[in-house]
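Biologist: Could you take a close look at one helix of this model for me, and then show me how its surroundings are put together? I'd be glad of a connected account.

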Amino acid sequence: MKCSKPDYKKIFNDLLALKFPDKKEQCLPLLNKKELSRLEVIHLNKIIFGENISENLNGRNHRSYDQSTIFKILDYQKKQKLNNIQTAKYFGLSRNTLARWKKIFLD
């Protein structure tokens, strides 16, 4: 059984056309890609709704990250020499989530 994913490109294109036509220019480089990664979806959300989207919505608990996105986040943390709190704040995660990912994927 194939797992279906939302068509983020269509969702964002419709959203930009209907409600935020002024921000379409900023989002075009990401929307022109063949497929969007989960980090790119989060980045588009920040562009459209602003930096404080996680404070405005309680959708944090329902985010899902694939393994490649988790590795990108952990790699970013390592390259920038950030601790769990700083990384969690940057990506809008829980520091406990980062600690759990490190335990699962890096040990």
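Modeller: Happy to! Contact here means heavy atoms within 4.5 Å, and this is a predicted model. Let's take helix 7, which spans residues 95-105. Its buried residues are Thr97, Leu98 and Trp101. Viewed down the helix axis, they fall within an arc of 100 degrees, so they line one face of helix 7. The cover over these buried residues includes helix 5 (67-80) and helix 6 (84-91). At the start of helix 7, Ser94 brings a side-chain oxygen to within 3.1 Å of the backbone nitrogen of Asn96.

Helix 5, one of those covering elements, deserves a look of its own. Thr69 lies in helix 5. With a relative accessible area of 2%, Thr69 is buried, because buried means under 20%. Its side chain makes a polar contact of 2.3 Å with the side chain of Asp66. If we set aside neighbours within four places in sequence, Thr69 is in contact with Arg38 and Leu39.

That leads us on to helix 3, which runs over residues 38-49. Helix 3 packs with helix 2 (residues 24-31) at an angle of about 175 degrees, their axes 10 Å apart. That angle makes the two helices roughly antiparallel. On the helix 2 side, Gln26, Cys27, Leu30 and Leu31 take part, and they meet Glu40, His43, Leu44, Ile47 and Ile48 of helix 3. By type, the residues of this contact are six nonpolar, two polar and one charged.

Methods: Residues numbered from 1 in each chain as written. Predicted model: local features only at pLDDT ≥ 70, side-chain atom pairs only at ≥ 80, totals over all residues. Heavy atoms only, no water. Buried < 20%, exposed > 50% of the residue type's maximum accessible area, 1.4 Å probe, protein only. Helix = DSSP H or I, 4+ residues; strand = E, 2+ residues; numbered from the N terminus. Arc of directions from axis to C-beta. Polar contact = N/O pair within 3.5 Å; in protein donor to acceptor, adjacent residues only side chain to side chain. Axes fitted to C-alpha atoms, helices over the stretch in contact; angles between N-to-C directions. Parallel < 35°, antiparallel > 145°, perpendicular 65-115°, else oblique. Nonpolar A, V, L, I, M, F, W, Y, C, P; charged D, E, K, R; others polar.
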